[in-house]
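My entries follow the display below.

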Amino acid sequence: MTPEIASAPLSLLVVAVLAYLLGSVPFGIVMARLFGLGDLRKIGSGNIGATNVLRTGNKPAALLTLLGDAGKGGAAVLLARALVGEDAAQLAGVMAFLGHCFPVFLRFRGGKGVATFLGTLLALSWPLGVAVCLTWLAAAAAFRMSSLAALIAAVSAPVFALWLVPQAVVFCIALATLIFYRHGANIRRILNGEEPRIGLK
């Protein structure tokens, strides 16, 4: 594909729409139904992500949700990069993330985007993705709160990007900002000492 075609507005528009639709696939809802867990939106926090699936006590369903949500972000980035180019890869990552947070299939009421965020980072630059994933794991182990770990990982992303992948700094800042926005209620509960711990229903 020539640079002219790769940078064509139509190509980027197609990438944006397809990445958004891929990001909109609600793997938490799908897995909850496949495993007979009921409507995930009426369980625990009502969120459609892996953490809420874990609150049902079904670890395989939670793991598959995590892999699906991360995988759709990573797949969007990798496919866009292969077919169009690096600029399209970052666009695809943003749109897949927005698809997860505001999915058309669920009337724009989606998840908080953490797994999809991590999947996009791993696909954009695996050293960056690994660094942010390890930050999440360390924070989760230390504080036993998925939301706090997500916020710490989000803050770490642009810092690591500045060192590892400078061209992804703006991308990381944008998605980190959206993660903080989506975690507004969690932040209030953390400050009030009311945020549930990992592993508790």
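In which handedness of crossing does α2 pass α5, left-handed or right-handed? I found that the crossing of α2 past α5 is right-handed; the term applies if the near helix is turned clockwise from the far one by less than a right angle, and left-handed if anticlockwise.

I note the basis of these entries: the model is predicted, local features need pLDDT of at least 70, side-chain atom pairs count only at pLDDT 80 or more, and totals for chains, interfaces and linings use all residues. Residues are numbered from 1 along each chain as its sequence is written, and side-chain values use heavy atoms, with hydrogens and water left out.

Entry on α2 and α5. I looked up the axes (lines fitted to C-alpha atoms, for helices over the stretch in contact, with angles from 0 to 180 degrees between N-to-C directions). The axes of α2 and α5 come within 9 Å and cross at roughly 160°. α2 is therefore roughly antiparallel to α5, a term for angles over 145 degrees. Helices here are DSSP runs of H or I with at least four residues, numbered from the N terminus. V15, A19, L22 and G23 of α2 make the contact with K72, A75, A76 and A80 of α5, where contact means heavy atoms within 4.5 Å.

Entry on α3 and α5. I found that the axes of α3 (residues 27–34) and α5 come within 9 Å and cross at roughly 150°. α3 and α5 are therefore roughly antiparallel as well, and their crossing is right-handed. On the α3 side, F27, G28 and M31 meet A61, L64, T65, G68, D69 and K72 in α5.

Entry on the largest pocket. A pocket is an open set of points on a 1 Å grid over the protein atoms alone, where a 1.4 Å probe fits, with protein on both sides within 12 Å along at least five of seven lines; lining residues have an atom within 4 Å of a point. The volume, the space filled by probe spheres set on the points, is about 840 Å³ for the largest pocket. I counted 37 lining residues, with A50, T51, L66, W136 and S146 nearest the centre. α5 gives the most to this lining, with seven residues.

Entry on the second largest pocket. Its volume is about 230 Å³. Of its 13 lining residues, V15, L18, L79, A80 and L83 are the closest to the centre. α2 gives the most to this lining, with six residues.

Conventions: Helices (H or I, at least four residues) and strands (E, at least two) are DSSP runs, numbered from the N terminus. Angles under 35 degrees count as roughly parallel, over 145 as roughly antiparallel, 65 to 115 as roughly perpendicular and the rest as oblique.
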